[in-house]
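I opened the notebook to look at the ligand site.

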Amino acid sequence: MTLGAKLTATTRDDTTLLPQPTVAATRAVGHVIAGIAEPAGEMLLDILDPCSGVIIAQVARGTAVDVDRAVAAARAALPTWRALTPNDRAKVLSAVADVVEAHLEELAILESRNVGKPISLAHAELPGVPEIFRFMGGAARALQAPAAHEYVAGYLSMILREPHGVIGAITPWNYPLLTASWKIATALAMGNTMVLKPSELTPLTTLKFMELVGDILPAGVLNVVTGTGPEVGAAITNHPGIDMVSLTGSISSGQRVMTDAARTLKPVHLELGGKAPVVVFADADLSAVAKMVRVGGFVNSGQECGASTRVLCDASTSEELTRLLIEQVGEIIVGTPEEGDQIEMGPLVSEAHLSRVAGMVDRARAEGANIAVGGYRPDRPGWFYSPTLVLDSPRGSEITTQEVFGPVVTLETFTDESDAVALANSTSYGLAASVWTRDIGRAVRLTSALDFGTVWVNTHLVLAYEMPWVGFGSSGHGRECSTLSLEDFSRTKHVMIAADRSET
Ligand code: NAD
(Lines give C-alpha, C1' and ligand atoms only; values in the text may rest on other atoms or scores of the structure.)
Protein backbone atom coordinates (compact mmCIF):
# COMPACT_ATOMS: atom_id res chain seq x y z
CA MET A 1 0.00 0.00 0.00
CA THR A 2 1.29 3.44 -0.79
CA LEU A 3 -0.26 6.67 0.27
CA GLY A 4 -0.74 7.54 -3.36
CA ALA A 5 -2.61 4.33 -4.19
CA LYS A 6 -5.29 4.78 -6.83
CA LEU A 7 -8.99 4.10 -6.36
CA THR A 8 -10.04 0.82 -7.91
CA ALA A 9 -13.19 0.75 -10.05
CA THR A 10 -16.16 -0.29 -7.95
CA THR A 11 -19.86 -0.94 -7.98
CA ARG A 12 -22.51 -0.15 -5.44
CA ASP A 13 -24.68 -2.65 -3.55
CA ASP A 14 -27.96 -1.42 -2.13
CA THR A 15 -28.73 -4.48 -0.01
CA THR A 16 -27.17 -3.89 3.37
CA LEU A 17 -27.74 -4.83 6.96
CA LEU A 18 -25.87 -1.74 8.04
CA PRO A 19 -27.21 1.78 8.09
CA GLN A 20 -26.37 3.64 4.90
CA PRO A 21 -23.28 5.69 5.63
CA THR A 22 -24.83 9.01 4.74
CA VAL A 23 -27.78 8.83 7.15
CA ALA A 24 -28.08 8.47 10.90
CA ALA A 25 -28.56 4.89 12.07
CA THR A 26 -31.80 3.44 13.17
CA ARG A 27 -30.84 -0.22 13.18
CA ALA A 28 -28.40 -2.07 15.41
CA VAL A 29 -26.04 -4.80 14.19
CA GLY A 30 -25.19 -7.99 16.07
CA HIS A 31 -22.30 -10.47 16.19
CA VAL A 32 -21.61 -12.86 13.33
CA ILE A 33 -21.14 -16.34 14.77
CA ALA A 34 -21.23 -19.67 12.90
CA GLY A 35 -22.18 -17.87 9.71
CA ILE A 36 -25.24 -16.23 11.27
CA ALA A 37 -25.69 -12.46 11.50
CA GLU A 38 -27.33 -12.29 14.91
CA PRO A 39 -29.81 -9.72 16.19
CA ALA A 40 -28.07 -7.03 18.22
CA GLY A 41 -29.92 -7.71 21.48
CA GLU A 42 -30.38 -5.28 24.34
CA MET A 43 -26.79 -4.45 25.30
CA LEU A 44 -25.55 -1.96 22.71
CA LEU A 45 -22.59 0.25 21.96
CA ASP A 46 -23.11 3.57 20.20
CA ILE A 47 -20.92 4.20 17.16
CA LEU A 48 -20.25 7.90 16.66
CA ASP A 49 -19.31 10.09 13.72
CA PRO A 50 -16.05 11.82 14.77
CA CYS A 51 -16.92 14.80 12.58
CA SER A 52 -20.05 15.58 14.57
CA GLY A 53 -20.33 13.29 17.59
CA VAL A 54 -23.68 12.06 16.20
CA ILE A 55 -24.61 8.38 16.63
CA ILE A 56 -24.38 6.70 13.23
CA ALA A 57 -24.94 3.08 14.28
CA GLN A 58 -25.26 0.73 17.22
CA VAL A 59 -23.62 -2.65 17.62
CA ALA A 60 -23.96 -5.46 20.14
CA ARG A 61 -21.95 -5.12 23.34
CA GLY A 62 -20.59 -8.65 23.57
CA THR A 63 -19.72 -10.65 26.66
CA ALA A 64 -17.62 -13.69 27.55
CA VAL A 65 -20.66 -15.85 26.75
CA ASP A 66 -20.64 -14.59 23.15
CA VAL A 67 -16.91 -15.32 22.93
CA ASP A 68 -17.62 -18.88 24.18
CA ARG A 69 -20.14 -19.36 21.40
CA ALA A 70 -17.79 -17.92 18.78
CA VAL A 71 -14.91 -20.12 19.92
CA ALA A 72 -17.16 -23.18 19.75
CA ALA A 73 -18.13 -22.24 16.18
CA ALA A 74 -14.50 -21.68 15.18
CA ARG A 75 -13.45 -25.02 16.71
CA ALA A 76 -16.27 -26.83 14.93
CA ALA A 77 -15.20 -25.33 11.59
CA LEU A 78 -11.50 -26.04 12.09
CA PRO A 79 -11.17 -29.71 11.02
CA THR A 80 -12.78 -29.18 7.61
CA TRP A 81 -11.07 -25.86 6.92
CA ARG A 82 -7.57 -27.06 7.83
CA ALA A 83 -8.06 -30.23 5.78
CA LEU A 84 -8.53 -28.22 2.55
CA THR A 85 -5.52 -28.00 0.27
CA PRO A 86 -3.77 -24.62 0.15
CA ASN A 87 -5.08 -24.27 -3.39
CA ASP A 88 -8.68 -24.79 -2.30
CA ARG A 89 -8.30 -22.26 0.50
CA ALA A 90 -6.68 -19.84 -1.98
CA LYS A 91 -9.76 -20.13 -4.21
CA VAL A 92 -11.97 -19.10 -1.27
CA LEU A 93 -9.68 -16.19 -0.39
CA SER A 94 -9.65 -15.10 -4.01
CA ALA A 95 -13.48 -15.06 -4.00
CA VAL A 96 -13.33 -12.93 -0.83
CA ALA A 97 -10.99 -10.52 -2.64
CA ASP A 98 -13.37 -10.33 -5.61
CA VAL A 99 -16.44 -9.47 -3.54
CA VAL A 100 -14.54 -6.88 -1.49
CA GLU A 101 -13.20 -5.34 -4.67
CA ALA A 102 -16.72 -5.07 -6.06
CA HIS A 103 -17.79 -3.14 -2.94
CA LEU A 104 -14.74 -0.92 -2.40
CA GLU A 105 -16.60 2.34 -2.83
CA GLU A 106 -19.27 1.38 -0.30
CA LEU A 107 -16.61 0.24 2.17
CA ALA A 108 -14.59 3.42 1.63
CA ILE A 109 -17.60 5.62 2.38
CA LEU A 110 -18.36 3.64 5.53
CA GLU A 111 -14.73 3.71 6.73
CA SER A 112 -14.47 7.41 6.03
CA ARG A 113 -17.70 8.04 7.99
CA ASN A 114 -16.80 5.88 10.98
CA VAL A 115 -13.16 7.05 11.38
CA GLY A 116 -13.75 10.59 10.08
CA LYS A 117 -10.96 10.22 7.53
CA PRO A 118 -10.94 11.93 4.12
CA ILE A 119 -12.54 9.81 1.44
CA SER A 120 -9.30 10.01 -0.58
CA LEU A 121 -7.49 8.15 2.21
CA ALA A 122 -10.18 5.48 2.45
CA HIS A 123 -9.91 5.10 -1.33
CA ALA A 124 -6.15 4.69 -1.03
CA GLU A 125 -6.10 2.15 1.81
CA LEU A 126 -8.99 -0.19 1.07
CA PRO A 127 -7.66 -1.75 -2.16
CA GLY A 128 -5.10 -3.26 0.22
CA VAL A 129 -7.86 -5.57 1.50
CA PRO A 130 -8.37 -7.61 -1.70
CA GLU A 131 -4.64 -7.39 -2.34
CA ILE A 132 -3.72 -9.10 0.94
CA PHE A 133 -6.32 -11.86 0.42
CA ARG A 134 -4.89 -12.60 -3.02
CA PHE A 135 -1.30 -12.42 -1.80
CA MET A 136 -1.78 -14.69 1.22
CA GLY A 137 -3.87 -17.23 -0.72
CA GLY A 138 -1.08 -17.61 -3.27
CA ALA A 139 1.84 -17.37 -0.85
CA ALA A 140 0.48 -20.16 1.37
CA ARG A 141 0.85 -22.48 -1.65
CA ALA A 142 4.59 -21.84 -1.84
CA LEU A 143 5.93 -22.25 1.69
CA GLN A 144 9.61 -22.88 2.38
CA ALA A 145 11.16 -25.18 4.98
CA PRO A 146 14.40 -27.12 5.56
CA ALA A 147 14.62 -29.86 2.91
CA ALA A 148 13.25 -33.30 3.78
CA HIS A 149 16.32 -35.49 4.20
CA GLU A 150 17.97 -38.33 6.12
CA TYR A 151 19.91 -36.04 8.46
CA VAL A 152 20.35 -39.19 10.59
CA ALA A 153 21.16 -42.18 8.39
CA GLY A 154 18.08 -44.37 7.96
CA TYR A 155 15.71 -41.75 9.37
CA LEU A 156 13.88 -39.41 7.03
CA SER A 157 13.08 -36.00 8.53
CA MET A 158 10.50 -33.59 7.18
CA ILE A 159 8.62 -30.52 8.31
CA LEU A 160 4.85 -30.26 8.47
CA ARG A 161 3.55 -26.73 8.70
CA GLU A 162 0.23 -26.68 10.51
CA PRO A 163 -2.27 -24.06 11.61
CA HIS A 164 -2.20 -23.08 15.29
CA GLY A 165 -5.93 -23.77 15.46
CA VAL A 166 -8.31 -20.97 16.46
CA ILE A 167 -6.76 -17.49 16.30
CA GLY A 168 -8.13 -14.65 18.44
CA ALA A 169 -7.72 -11.35 16.55
CA ILE A 170 -8.15 -7.94 18.18
CA THR A 171 -7.98 -4.89 15.94
CA PRO A 172 -7.63 -1.09 16.31
CA TRP A 173 -9.66 1.86 15.04
CA ASN A 174 -7.22 3.71 12.78
CA TYR A 175 -7.34 1.40 9.71
CA PRO A 176 -10.13 -0.88 10.88
CA LEU A 177 -10.78 -3.16 7.93
CA LEU A 178 -7.23 -3.05 6.57
CA THR A 179 -5.61 -4.18 9.84
CA ALA A 180 -8.31 -6.86 10.26
CA SER A 181 -7.75 -8.13 6.72
CA TRP A 182 -4.01 -8.61 7.31
CA LYS A 183 -4.81 -11.00 10.16
CA ILE A 184 -7.82 -12.71 8.57
CA ALA A 185 -6.12 -13.40 5.22
CA THR A 186 -2.95 -14.76 6.82
CA ALA A 187 -4.62 -16.90 9.45
CA LEU A 188 -7.18 -18.38 7.09
CA ALA A 189 -4.61 -19.04 4.35
CA MET A 190 -2.71 -21.23 6.82
CA GLY A 191 -5.82 -23.24 7.75
CA ASN A 192 -6.67 -21.54 11.04
CA THR A 193 -10.15 -20.41 11.96
CA MET A 194 -10.75 -17.14 13.82
CA VAL A 195 -12.66 -15.15 16.40
CA LEU A 196 -12.18 -11.43 15.73
CA LYS A 197 -13.04 -8.42 17.84
CA PRO A 198 -12.95 -5.09 15.99
CA SER A 199 -12.38 -1.83 17.86
CA GLU A 200 -15.46 -0.74 19.80
CA LEU A 201 -15.12 2.66 18.08
CA THR A 202 -14.99 1.51 14.46
CA PRO A 203 -16.56 -1.92 13.86
CA LEU A 204 -18.74 -0.98 10.89
CA THR A 205 -16.56 -2.01 7.94
CA THR A 206 -15.65 -5.30 9.61
CA LEU A 207 -19.35 -6.07 10.03
CA LYS A 208 -20.02 -5.01 6.44
CA PHE A 209 -17.17 -7.31 5.34
CA MET A 210 -18.85 -10.20 7.18
CA GLU A 211 -22.07 -9.48 5.33
CA LEU A 212 -20.21 -9.53 2.00
CA VAL A 213 -18.36 -12.80 2.62
CA GLY A 214 -21.29 -14.59 4.28
CA ASP A 215 -21.88 -16.81 1.25
CA ILE A 216 -18.19 -17.37 0.56
CA LEU A 217 -16.55 -18.38 3.85
CA PRO A 218 -17.81 -21.65 5.37
CA ALA A 219 -19.81 -21.08 8.57
CA GLY A 220 -17.62 -20.67 11.64
CA VAL A 221 -14.33 -20.10 9.81
CA LEU A 222 -14.45 -16.40 10.72
CA ASN A 223 -16.57 -15.16 13.63
CA VAL A 224 -16.89 -11.54 14.76
CA VAL A 225 -17.85 -10.53 18.30
CA THR A 226 -18.20 -6.79 18.88
CA GLY A 227 -17.61 -5.18 22.25
CA THR A 228 -15.02 -3.58 24.49
CA GLY A 229 -11.43 -4.63 25.15
CA PRO A 230 -11.82 -5.43 28.85
CA GLU A 231 -14.93 -7.55 28.16
CA VAL A 232 -14.66 -9.24 24.75
CA GLY A 233 -10.90 -8.72 24.16
CA ALA A 234 -9.96 -10.14 27.55
CA ALA A 235 -12.39 -13.05 27.13
CA ILE A 236 -10.70 -13.94 23.83
CA THR A 237 -7.21 -13.70 25.30
CA ASN A 238 -8.07 -15.79 28.35
CA HIS A 239 -10.08 -18.42 26.50
CA PRO A 240 -8.57 -21.92 26.62
CA GLY A 241 -10.12 -22.68 23.23
CA ILE A 242 -8.09 -19.92 21.52
CA ASP A 243 -4.66 -21.12 20.40
CA MET A 244 -2.99 -17.79 19.60
CA VAL A 245 -3.88 -14.11 19.98
CA SER A 246 -2.95 -11.41 17.48
CA LEU A 247 -3.46 -7.81 18.58
CA THR A 248 -2.86 -4.53 16.83
CA GLY A 249 -3.17 -1.76 19.37
CA SER A 250 -1.49 0.29 22.05
CA ILE A 251 1.33 -0.73 24.37
CA SER A 252 -1.01 -0.99 27.35
CA SER A 253 -3.39 -3.34 25.51
CA GLY A 254 -0.37 -5.37 24.35
CA GLN A 255 0.83 -5.71 27.93
CA ARG A 256 -2.63 -6.85 29.06
CA VAL A 257 -2.89 -9.38 26.26
CA MET A 258 0.57 -10.77 26.96
CA THR A 259 -0.15 -11.05 30.70
CA ASP A 260 -3.54 -12.68 30.17
CA ALA A 261 -2.19 -15.05 27.51
CA ALA A 262 0.49 -16.24 29.93
CA ARG A 263 -2.18 -18.08 31.95
CA THR A 264 -2.82 -20.48 29.08
CA LEU A 265 0.69 -20.12 27.61
CA LYS A 266 -0.73 -19.22 24.23
CA PRO A 267 1.52 -17.48 21.70
CA VAL A 268 0.88 -13.78 21.19
CA HIS A 269 1.43 -11.72 18.06
CA LEU A 270 1.60 -8.01 18.84
CA GLU A 271 1.66 -4.99 16.52
CA LEU A 272 1.84 -1.98 18.80
CA GLY A 273 2.55 1.73 18.58
CA GLY A 274 5.32 3.71 16.96
CA LYS A 275 7.27 6.97 17.16
CA ALA A 276 9.03 7.06 13.82
CA PRO A 277 12.06 9.33 13.52
CA VAL A 278 12.86 11.05 10.22
CA VAL A 279 16.65 11.50 10.27
CA VAL A 280 17.61 14.34 7.95
CA PHE A 281 21.26 14.96 7.05
CA ALA A 282 22.60 18.21 5.62
CA ASP A 283 22.86 16.78 2.09
CA ALA A 284 19.19 15.77 1.98
CA ASP A 285 16.54 17.30 -0.25
CA LEU A 286 14.90 19.42 2.47
CA SER A 287 11.95 20.38 0.32
CA ALA A 288 11.19 16.70 -0.30
CA VAL A 289 11.41 16.04 3.45
CA ALA A 290 8.94 18.81 4.26
CA LYS A 291 6.51 17.65 1.57
CA MET A 292 6.72 14.09 2.83
CA VAL A 293 6.08 15.17 6.46
CA ARG A 294 2.94 17.01 5.34
CA VAL A 295 1.58 13.62 4.31
CA GLY A 296 3.48 11.15 6.51
CA GLY A 297 3.00 13.07 9.75
CA PHE A 298 -0.63 14.05 9.25
CA VAL A 299 -2.24 11.30 7.18
CA ASN A 300 -5.22 9.85 9.06
CA SER A 301 -4.83 12.83 11.44
CA GLY A 302 -1.49 11.38 12.56
CA GLN A 303 -3.33 8.28 13.82
CA GLU A 304 -0.85 6.10 11.99
CA CYS A 305 1.63 3.82 13.75
CA GLY A 306 4.38 4.51 11.18
CA ALA A 307 3.72 8.28 11.03
CA SER A 308 6.73 10.52 10.51
CA THR A 309 6.23 12.21 13.84
CA ARG A 310 9.76 13.00 14.92
CA VAL A 311 11.91 15.01 12.55
CA LEU A 312 15.59 15.00 13.58
CA CYS A 313 17.83 17.22 11.47
CA ASP A 314 21.46 18.22 11.24
CA ALA A 315 21.71 21.47 13.21
CA SER A 316 23.01 23.29 10.11
CA THR A 317 19.71 22.66 8.29
CA SER A 318 17.43 23.55 11.18
CA GLU A 319 16.53 27.06 10.08
CA GLU A 320 15.72 26.14 6.49
CA LEU A 321 13.85 22.96 7.42
CA THR A 322 11.84 24.83 10.06
CA ARG A 323 10.78 27.36 7.43
CA LEU A 324 9.76 24.64 4.98
CA LEU A 325 7.87 22.64 7.62
CA ILE A 326 5.97 25.69 8.86
CA GLU A 327 4.94 26.37 5.28
CA GLN A 328 3.81 22.78 4.57
CA VAL A 329 2.09 22.09 7.90
CA GLY A 330 0.38 25.47 7.85
CA GLU A 331 -1.20 24.69 4.46
CA ILE A 332 -2.84 21.37 5.45
CA ILE A 333 -6.55 21.51 4.65
CA VAL A 334 -8.68 20.20 7.51
CA GLY A 335 -12.33 19.23 7.25
CA THR A 336 -14.99 16.56 7.02
CA PRO A 337 -15.16 14.05 4.17
CA GLU A 338 -18.26 15.86 2.88
CA GLU A 339 -16.25 19.05 2.36
CA GLY A 340 -14.63 17.62 -0.76
CA ASP A 341 -11.64 15.92 -2.28
CA GLN A 342 -9.23 18.68 -1.28
CA ILE A 343 -9.54 17.74 2.43
CA GLU A 344 -6.23 16.34 3.68
CA MET A 345 -7.05 15.73 7.32
CA GLY A 346 -10.16 14.96 9.36
CA PRO A 347 -10.84 14.88 13.11
CA LEU A 348 -9.45 12.54 15.76
CA VAL A 349 -11.41 9.39 16.37
CA SER A 350 -12.97 10.22 19.75
CA GLU A 351 -13.34 12.91 22.36
CA ALA A 352 -11.15 10.94 24.78
CA HIS A 353 -8.38 10.68 22.21
CA LEU A 354 -8.67 14.40 21.39
CA SER A 355 -8.22 15.23 25.10
CA ARG A 356 -5.18 12.96 25.26
CA VAL A 357 -3.54 14.60 22.22
CA ALA A 358 -4.35 18.15 23.41
CA GLY A 359 -3.00 17.28 26.87
CA MET A 360 0.34 16.18 25.44
CA VAL A 361 0.72 19.41 23.43
CA ASP A 362 -0.32 21.50 26.45
CA ARG A 363 2.30 19.81 28.62
CA ALA A 364 4.96 20.38 25.95
CA ARG A 365 3.98 24.06 25.82
CA ALA A 366 4.16 24.28 29.62
CA GLU A 367 7.67 22.78 29.46
CA GLY A 368 8.77 25.63 27.20
CA ALA A 369 8.26 24.13 23.72
CA ASN A 370 7.58 26.53 20.86
CA ILE A 371 4.32 25.57 19.11
CA ALA A 372 5.22 26.95 15.67
CA VAL A 373 1.99 25.83 13.96
CA GLY A 374 -1.37 24.77 15.42
CA GLY A 375 -1.65 23.50 18.97
CA TYR A 376 -5.35 24.23 19.41
CA ARG A 377 -8.87 22.81 18.89
CA PRO A 378 -10.55 24.58 15.96
CA ASP A 379 -13.88 26.18 16.80
CA ARG A 380 -16.12 23.69 15.02
CA PRO A 381 -18.16 20.58 15.86
CA GLY A 382 -16.38 17.25 15.97
CA TRP A 383 -13.10 16.12 17.48
CA PHE A 384 -10.76 18.19 15.37
CA TYR A 385 -7.26 19.22 16.37
CA SER A 386 -5.17 21.56 14.26
CA PRO A 387 -2.05 20.25 12.44
CA THR A 388 0.72 21.05 14.91
CA LEU A 389 4.48 21.58 14.66
CA VAL A 390 6.43 21.59 17.94
CA LEU A 391 9.93 23.11 18.14
CA ASP A 392 12.49 23.40 20.95
CA SER A 393 11.33 20.53 23.15
CA PRO A 394 13.99 19.28 25.50
CA ARG A 395 15.59 15.96 24.59
CA GLY A 396 13.78 13.07 26.25
CA SER A 397 10.58 15.07 26.78
CA GLU A 398 7.21 13.33 26.58
CA ILE A 399 6.23 14.90 23.26
CA THR A 400 9.43 13.72 21.54
CA THR A 401 9.57 10.17 22.93
CA GLN A 402 5.97 9.02 23.54
CA GLU A 403 3.44 8.20 20.83
CA VAL A 404 0.98 11.09 20.38
CA PHE A 405 -1.05 9.31 17.67
CA GLY A 406 -2.36 12.68 16.53
CA PRO A 407 -1.50 15.48 14.08
CA VAL A 408 1.63 16.56 15.93
CA VAL A 409 5.20 16.59 14.57
CA THR A 410 8.27 17.61 16.54
CA LEU A 411 11.61 18.92 15.24
CA GLU A 412 14.92 18.31 17.02
CA THR A 413 18.55 18.75 15.96
CA PHE A 414 21.66 16.58 16.08
CA THR A 415 25.34 17.40 15.76
CA ASP A 416 26.80 14.46 13.83
CA GLU A 417 26.04 10.94 12.62
CA SER A 418 26.53 9.19 15.94
CA ASP A 419 24.42 11.82 17.71
CA ALA A 420 21.73 11.27 15.07
CA VAL A 421 21.68 7.52 15.71
CA ALA A 422 21.61 7.96 19.49
CA LEU A 423 18.78 10.49 19.26
CA ALA A 424 16.73 8.38 16.82
CA ASN A 425 17.10 5.29 18.99
CA SER A 426 16.26 7.14 22.21
CA THR A 427 12.66 5.91 22.29
CA SER A 428 11.39 2.52 23.40
CA TYR A 429 9.35 2.21 20.18
CA GLY A 430 10.94 0.40 17.25
CA LEU A 431 8.41 0.25 14.45
CA ALA A 432 9.68 2.46 11.64
CA ALA A 433 12.22 5.17 10.78
CA SER A 434 13.49 6.99 7.72
CA VAL A 435 16.89 8.38 6.74
CA TRP A 436 17.27 11.26 4.33
CA THR A 437 20.67 11.65 2.68
CA ARG A 438 22.36 11.48 -0.73
CA ASP A 439 25.38 9.68 0.79
CA ILE A 440 24.93 5.96 0.07
CA GLY A 441 27.56 4.92 2.61
CA ARG A 442 25.83 6.86 5.35
CA ALA A 443 22.48 5.39 4.32
CA VAL A 444 23.91 1.87 4.63
CA ARG A 445 25.42 2.61 8.06
CA LEU A 446 22.19 4.13 9.33
CA THR A 447 19.92 1.32 8.14
CA SER A 448 22.03 -1.03 10.23
CA ALA A 449 22.32 1.23 13.28
CA LEU A 450 18.64 2.19 13.62
CA ASP A 451 16.56 -0.10 15.87
CA PHE A 452 13.34 -0.13 13.88
CA GLY A 453 11.52 -2.90 12.02
CA THR A 454 11.29 -0.82 8.83
CA VAL A 455 13.95 1.70 7.78
CA TRP A 456 13.22 3.74 4.66
CA VAL A 457 15.85 5.75 2.80
CA ASN A 458 14.67 8.99 1.17
CA THR A 459 11.02 7.98 1.54
CA HIS A 460 8.57 7.18 4.34
CA LEU A 461 5.39 5.16 4.85
CA VAL A 462 5.49 3.10 1.66
CA LEU A 463 4.45 -0.50 2.37
CA ALA A 464 4.94 -3.59 0.20
CA TYR A 465 2.90 -6.69 1.03
CA GLU A 466 5.82 -8.88 -0.02
CA MET A 467 7.82 -7.42 2.91
CA PRO A 468 7.15 -7.78 6.65
CA TRP A 469 5.63 -5.00 8.77
CA VAL A 470 7.02 -5.61 12.24
CA GLY A 471 8.21 -3.69 15.27
CA PHE A 472 10.98 -4.04 17.81
CA GLY A 473 10.89 -3.16 21.51
CA SER A 474 7.68 -1.47 22.67
CA SER A 475 6.28 -1.72 19.14
CA GLY A 476 5.72 -5.46 19.60
CA HIS A 477 7.10 -8.33 17.59
CA GLY A 478 4.35 -9.81 15.41
CA ARG A 479 5.04 -9.86 11.68
CA GLU A 480 2.20 -8.73 9.41
CA CYS A 481 2.28 -9.17 5.60
CA SER A 482 4.84 -11.22 3.61
CA THR A 483 5.46 -14.95 3.81
CA LEU A 484 7.10 -14.35 7.23
CA SER A 485 3.66 -13.56 8.65
CA LEU A 486 2.43 -16.95 7.38
CA GLU A 487 5.12 -18.45 9.63
CA ASP A 488 3.79 -16.51 12.63
CA PHE A 489 0.27 -17.78 11.98
CA SER A 490 1.35 -21.45 11.82
CA ARG A 491 3.48 -23.97 13.66
CA THR A 492 6.15 -26.39 12.49
CA LYS A 493 6.14 -30.07 13.28
CA HIS A 494 9.19 -32.27 12.76
CA VAL A 495 8.26 -35.72 11.47
CA MET A 496 10.97 -38.44 11.48
CA ILE A 497 10.42 -41.79 9.78
CA ALA A 498 12.65 -44.78 10.43
CA ALA A 499 13.06 -46.09 6.89
CA ASP A 500 14.24 -49.60 7.79
CA ARG A 501 11.22 -50.28 10.05
CA SER A 502 8.52 -49.23 7.65
CA GLU A 503 7.08 -52.75 7.39
CA THR A 504 7.03 -53.62 11.11
P1 NAD B 1 -6.12 0.08 21.78
O2 NAD B 1 -5.00 -0.67 22.37
O3 NAD B 1 -6.86 1.03 22.62
O4 NAD B 1 -7.21 -0.92 21.20
C5 NAD B 1 -6.84 -1.93 20.26
C6 NAD B 1 -7.76 -3.10 20.45
O7 NAD B 1 -7.45 -3.71 21.70
C8 NAD B 1 -9.23 -2.70 20.52
O9 NAD B 1 -10.02 -3.62 19.82
C10 NAD B 1 -9.50 -2.75 22.02
O11 NAD B 1 -10.85 -2.99 22.32
C12 NAD B 1 -8.63 -3.91 22.43
N13 NAD B 1 -8.32 -3.98 23.86
C14 NAD B 1 -8.24 -2.96 24.74
N15 NAD B 1 -7.97 -3.44 25.97
C16 NAD B 1 -7.89 -4.79 25.86
C17 NAD B 1 -7.65 -5.84 26.79
N18 NAD B 1 -7.46 -5.62 28.09
N19 NAD B 1 -7.62 -7.10 26.32
C20 NAD B 1 -7.80 -7.37 25.02
N21 NAD B 1 -8.06 -6.41 24.10
C22 NAD B 1 -8.10 -5.13 24.51
O23 NAD B 1 -5.53 0.74 20.48
P24 NAD B 1 -6.30 1.72 19.50
O25 NAD B 1 -6.45 2.98 20.28
O26 NAD B 1 -7.49 1.07 18.92
O27 NAD B 1 -5.25 1.88 18.33
C28 NAD B 1 -4.20 2.75 18.44
C29 NAD B 1 -2.93 2.02 18.78
O30 NAD B 1 -2.72 0.95 17.87
C31 NAD B 1 -1.74 2.93 18.66
O32 NAD B 1 -0.84 2.71 19.69
C33 NAD B 1 -1.16 2.52 17.32
O34 NAD B 1 0.19 2.84 17.15
C35 NAD B 1 -1.42 1.06 17.31
N36 NAD B 1 -1.39 0.55 15.95
C37 NAD B 1 -0.31 -0.17 15.54
C38 NAD B 1 -0.24 -0.64 14.24
C39 NAD B 1 0.94 -1.45 13.78
O40 NAD B 1 0.89 -1.99 12.69
N41 NAD B 1 2.00 -1.56 14.55
C42 NAD B 1 -1.27 -0.38 13.35
C43 NAD B 1 -2.36 0.36 13.79
C44 NAD B 1 -2.40 0.82 15.10
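**Ligand shell**

I sorted the shell around the ligand by class and got 12 nonpolar, 11 polar and five charged residues. I kept in mind that this is a predicted model.

Next I asked which residues come nearest to the ligand. Of the 28 residues around it, these are Trp173, Glu200, Ser250, Ser253 and Glu403.

I then looked up oxygen atoms of the ligand. One lies 2.8 Å from a backbone N or O atom of threonine 171. For glycine 229, a backbone N or O atom is 3.3 Å from a ligand oxygen. Tryptophan 469 uses its side chain: an N or O atom there is 2.9 Å from an oxygen atom of the ligand. I also checked burial. The ligand alone exposes 850 Å², and the protein buries 90% of that.

**Place in the fold**

I found that the ligand takes up the space of the largest pocket. Helix H8 (229-238), strand S11 (244-248) and helix H9 (251-264) each give the shell at least two residues.

Why does the ligand lie between domain 1 and domain 2? I noted that domain 1 (28-272 + 476-491) and domain 2 (277-464) both give residues to the shell, so the ligand lies between them.

How values were computed
Residues numbered from 1 in each chain as written. Predicted model: local features only at pLDDT ≥ 70, side-chain atom pairs only at ≥ 80, totals over all residues. Heavy atoms only, no water. Near = heavy atom within 4 Å. Polar contact = N/O pair within 3.5 Å; in protein donor to acceptor, adjacent residues only side chain to side chain. Areas by Shrake-Rupley, 256 points an atom, 1.4 Å probe, with all protein chains shown as cover. 1 Å grid on protein atoms, 1.4 Å probe; cavity = no way out; pocket = protein on both sides within 12 Å on 5 of 7 lines; lining within 4 Å. Sits in = over half its atoms within 2 Å of the grid points. Helix = DSSP H or I, 4+ residues; strand = E, 2+ residues; numbered from the N terminus. Nonpolar A, V, L, I, M, F, W, Y, C, P; charged D, E, K, R; others polar. Domains from an automatic or database assignment.
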